[in-house]
Amino acid sequence: MAERSPSPCLPCFLSSSWSYPRSRGRNQGRAFAVWDGSKISLEDADAFAGKTLKDAHVTGAQIAVLNHGRLVWSDSYGLRRRDPALPMDRETTTWAASITKSVFATYVMQLVERKEFNLDQPVASQLDKPLNEYEAYKDSASEIVHDPAWPTVTPRMLLSHSSGLLNFAFMEPDKKMHLHFKPGTQFSYSGEGINLVQFVVEQKMHKPLDQLMQDAIFTPLGMTRTGIIYRAEFEADVADRYDLNEKFRSQTRRFPARAAGSMTTSAGDLAKFATALLDGKIISNSTRAEMLRPVLRIDTLHEFAIRANEGKGKEAGDVGLAYGVGWGLLTHTRYGPAFFKEGHGDGAQNYMICFERSKSCMILLTNSDNGELAFRPLLEKILGDTVTPFEWEGYTPEYIEQSRKNDH
C-alpha cells in the first residue's frame with residue numbers, strides 16, 4: 001500500500017506535573033493542538049487521562065509525550081504502592097518488561113556501528129564452543145545444537161523474532177530449545193532469542209550486560225532511574241505491581257540481568273532515550289535506519305494468538321506491520337513510519353511508540369495488569385494515534401478477556 005500523505009504534526013503539549021487526586025484549577029484556559037488541527041485544553045486532557053486510568057482500575061501509571069523530538073508533557077497517576085498508600089510520581093522506577101528488548105537492541109546496534117558485532121554471522125560460529133557446552137545452556141541447548149538449521153540462526157533473526165524459537169524454552173514439553181520453522185521465514189515472538197543474543201554479546205565483550213548498558217546508554221543519557229538490574233538507589237521510589245483486582249503481586253526488584261525483560265525505568269528516562277535515539281546521539285541516523293529496516297513482514301491477526309489457526313489480520317496490512325532489529329514497525333501510516341514496543345509482565349503493562357517524521361512519541365508505563373485496557377483511549381485522545389494495531393497488540397477488551405480466560 002502506498003504511504004498516505006502526512007497529516008499535521010502530532011500534539012504540541014504544555015508541561016504539567018501531578019498525581020491524582022489533584023487540583024486542576026491552574027490548568028484552566030490552557031490548551032494544545034492535536035494532529036488534526038483541533039484544540040484540547042490541558043485541563044480536559046489531564047481529566048481524561050485520570051478518569052480513563054481510574055475507570056480501568058489501573059493502580060498507577062506514568063505518561064510521557066515527545067513532539068519534534070523533545071519532551072513536551074509528562075505526568076504520573078495513581079499509586080506506586082497501596083500499603084502504605086504512596087503516589088506514583090515522575091521519578092518512580094517501574095518494571096519496563098519487554099521494552100527492555102528494544103533498548104537492548106539499540107545497544108547492540110552501537111556495537112554493530114563500531115564493527116564489534118555482526119548481526120548476520122550465525123550465533124554458532126560466533127561462540128568459542130558449542131552452545132550446550134556452556135553451563136548456562138548445558139540442558140536447554142542439548143537438542144538444538146543437533147538441528148541442521150541451527151548453524152544458520154543469526155542475531156538478526158533472534159532480534160527480529162524470526163529464528164523459530166518459542167518465547168522461552170520452559171514452554172517446551174521437554175524444557176529445551178527447538179526450532180519450529182526454517183529460521184528467518186516467519187514471525188514468532190521469542191524472549192529466549194533475545195537472551196541468547198545477550199549471551200553472545202557478553203561472551204564477546206567479557207562484561208555483564210548491566211555494566212555494558214549502564215556505561216553505554218544509561219549513564220551518558222542521565223537515565224538515573226533506569227537499570228537492567230535493580231539498584232539500591234531505586235529503593236526510595238519504586239513501584240510495586242498489582243493484579244486485575246488491584247491486589248499486590250510483587251515488588252519490583254529484577255535480578256539477574258535479562259535482555260528480554262529485566263529493565264526498570266521511568267517514562268521520563270525513556271523519553272530521554274527516545275530523544276537521543278531520534279537525534280542520532282545513541283547511534284547514527286544511518287544505523288538507526290538499519291535497525292528500523294523491516295526484516296520480515298507480519299500479517300497475523302494477533303501478536304500472540306489466543307486461538308489455533310487464527311489466520312491473517314487486515315489490520316497488519318493496513319499499517320504495513322513488520323519487525324526490524326528489536327522493534328515493531330508500522331511502515332506506512334497517515335503519520336509516516338513508526339517504531340514501537342510493548343511490555344507485558346505480571347503487574348506491568350507498558351507501551352511506547354514513536355513516529356519518525358514528526359519525531360513524536362508516547363510512552364505509557366503502568367504497575368497494573370489492567371494497564372492495557374487504557375492504552376487505546378489514551379493513545380487516540382491524547383496523541384491522536386489511530387494507527388497502532390490495537391487488535392494485533394491485544395489492546396481490546398475482548399482480547400484481554402479471552403486471554404485472561406486462557407491463562408486460567
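Which elements are included in what covers the buried residues of α6? Before the answer, a word on the model itself: this is a predicted model, in which local features need pLDDT of at least 70 and side-chain atom pairs count only at pLDDT 80 or more, while totals for chains, interfaces and linings use all residues. Residues are numbered from 1 along each chain as its sequence is written, and side-chain values use heavy atoms, with hydrogens and water left out.

The cover over the buried residues of α6 includes α2 (99–113), α5 (191–205) and α7 (267–278). Helix α6 itself runs over residues 209–218, and its buried residues are L209, L212, M213, Q214, I217 and F218; buried here means under 20% relative accessible area, with exposed meaning over 50% and partly exposed in between, for a 1.4 Å probe and protein chains only. Helices (H or I, at least four residues) and strands (E, at least two) are DSSP runs, numbered from the N terminus.

Seen as a whole, the protein has 12 helices and 15 strands, and 57% of its 408 residues count as buried. Among contacts (heavy atoms within 4.5 Å) with a separation of 6 or more, 66% are between residues 24 or more positions apart.

In soluble globular proteins, nonpolar side chains tend to be buried together. A nonpolar core is taken as a set of buried Ala, Val, Leu, Ile, Met, Phe, Trp, Tyr and Cys residues joined through side-chain atoms within 4.5 Å, and the largest one in this protein has 68 residues, with F104, Y107, L131, L159, M177, V201 and W327 having the most contacts inside it. At least two residues of this core come from each of β3 (60–67), α2, α4 (155–159), α5, α6, α7, β14 (348–355) and β15 (360–366). Y107, not counting residues up to four places away in sequence, touches V201, M205, L209, L212, M213, A216 and I217. A second, separate core of 37 residues includes W73, Y351, F355 and Y395.

Helix α2 also holds Q110, which counts as buried because its relative accessibility is 9%. Leaving aside neighbours within four places in sequence, Q110 is in contact with A216, I217, I282 and I283.

Turning to α7, 10 of its 12 residues are buried, so this helix is largely enclosed by the rest of the structure; among them are L270, F273 and L277. Just after α7, G280 takes a positive phi of about 75 degrees.

The strands bring in another part of the picture. An open sheet of 9 strands, with antiparallel pairing, has the order β5-β4-β3-β15-β14-β13-β12-β11-β10, where two strands pair if DSSP finds at least two bridges between them. Its edge strands are β5 (85–87) and β10 (296–297), each pairing on one side only. Within the sheet, β3 and β15 run antiparallel and are joined by 6 bridges, and A64 stands opposite I363 in β15.

Finally, a disulfide, defined as a pair of cysteine sulfur atoms within 2.5 Å, joins C354 to C361 with an S to S distance of 2.2 Å. Both C354 and C361 are buried, and the torsion about their S-S bond is about 110 degrees, so the disulfide is right-handed.
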